[in-house]
Amino acid sequence: MDVSETLSTHRSIRKFKAKPIGRDLMGQILKSAIDGSSSSGNLNSYSIILTQDPERKSTLCRMHSDQNMIEEAPLLITFCSDQHRTRLWLKERGAADSFDDLLGFLVGAFDAVIVAQSLTLAAESKGLGVCYLGTTLSNATEIASFLELPDHVYPVTSLVVGYPDESPQVRNRLPFTSLVHHETYREFDRERLLETYRQKEISGWDRYRSYPEIYNKIKDLGIDNLAQFYTSSIKYSKTYHNQTSLMLMQLLRDKGFIAETEISTEN
Ligand SMILES: Cc1cc2nc3c(=O)[nH]c(=O)nc-3n(C[C@H](O)[C@H](O)[C@H](O)COP(=O)(O)O)c2cc1C
């Protein structure tokens with residue numbers, strides 16, 4: 001498949017065959033992803049951790065809120081922002097110390113996400129399916145400990161990878177004109193806002209209500225539209241966001257990306 005065909009047929013896969021991914025294919029996909037990914041200063045400030053061992057995959061499955069596809073798929077990949085390796089090299093070569101700060105974390109996180117998306121494209125072009133795991137952030141502290149991540153290495157996202165055992169529909173995106181702005185940001189008036197979400201409010205609402213357990217919770221909580229569903233206790237509630245954000249900030253401190261002391265404003 002060429003690149004645009006791979007992109008236009010993308011859909012997340014959540015059911016996988018037991019079939020393993022051959023060593024050569026896995027090597028090829030990883031190499032393509034690395035070769036095809038820009039990175040800040042070409043420092044490749046990321047690490048890619050492969051989990052194939054079934055027992056370790058099961059443990060990580062629990063840490064990823066029991067998303068069963070992790071046990072089904074032959075491969076789970078955790079992408080980490082990594083300033084540890086670069087910092088070792090800086091020290092070794094007598095360079096000034098740096099990158100142990102928020103900017104260092106963000107630069108590594110962008111590098112990690114860029115290589116994850118390149119890997120997605122490489123894998124899908126070879127007939128494999130993938131699904132991102134947002135639970136990497138929800139349970140980052142446990143995952144970091146299980147993967148034995150040293151200081152200045154922080155898990156940012158994960159992909160399950162394998163041969164698809166389902167063929168879901170390609171999902172719609174928000175309208176092109178609501179995502180692309182020319183020259184300056186075009187603010188949304190009420191009419192344009194509702195038009196932007198009109199199709200999603202129909203398809204998303206139908207989709208979530210097609211799962212009986214979600215349907216029942218939606219009824220119990222008196223949720224009557226898709227927007228209310230998104231920030232309800234079933235999906236991305238404020239409490240979940242607050243608690244997870246606090247945990248992520250603590251992990252940034254623990255991993256050495258945020259100094260404990262106040263930043264001096266003196267020269
Ligand atoms: C950062 C990120 C985290 C995600 N986390 C999960 C997840 O934990 N579980 C899951 O089933 N899908 C997850 N997804 C997949 C999205 O639900 C999916 O991309 C979205 O619904 C659009 O569907 P599509 O990928 O099939 O086009 C995640 C996607 C992204 C980009």
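How many helices and strands does the protein have? In this predicted model, the protein contains 13 helices and four strands. Along its principal axes, the C-alpha trace extends about 60 × 55 × 40 Å. Of the 267 residues in the protein, 27% are buried. Contacts in the protein also reach across the sequence: among those between residues at least 6 apart, 77% join residues at least 24 apart.

An open sheet of four strands runs in the order β1-β2-β4-β3, and its pairing is antiparallel. The edges of the sheet are taken by β1 (46–51) and β3; each has a single partner strand, so one side of each is left without a neighbour in the sheet. From one strand to the next, the twist averages 25 degrees. As a reminder, strands of a sheet pair through backbone hydrogen bonds, in either a parallel or an antiparallel sense.

Strand β3 deserves a paragraph of its own. Its pairing with strand β4 (residues 153–162) is antiparallel and extends over five bridges. Within this pairing, Y132 sits opposite L159 of β4, while C131 has V160 of β4 as its bridge partner. Although β3 stands at an edge of the sheet, four of its five residues are buried, so the strand is largely enclosed by the rest of the structure.

The ligand brings β3 back into view. Residues around the ligand are H10, R11, S12, R14, Q67, C131, Y132, L133, G134, T135, T157 and R171. Strand β3 (residues 129–133) gives the most to this shell, contributing three residues.

Of the 17 residues of α13, one is buried, so the helix lies largely in the open. In general, an α-helix has 3.6 residues a turn, so residues three or four places apart point the same way. Just after α13, G256 adopts a positive phi of about 85 degrees.

Technical notes:
Residues numbered from 1 in each chain as written. Predicted model: local features only at pLDDT ≥ 70, side-chain atom pairs only at ≥ 80, totals over all residues. Near = placed C-beta within 6 Å. Helix = DSSP H or I, 4+ residues; strand = E, 2+ residues; numbered from the N terminus. Buried ≥ 20, exposed ≤ 12 C-beta atoms within 10 Å, placed from the backbone. Pairing = 2+ DSSP bridges. Axes fitted to C-alpha atoms, helices over the stretch in contact; angles between N-to-C directions. Contact = placed C-beta atoms within 7 Å.
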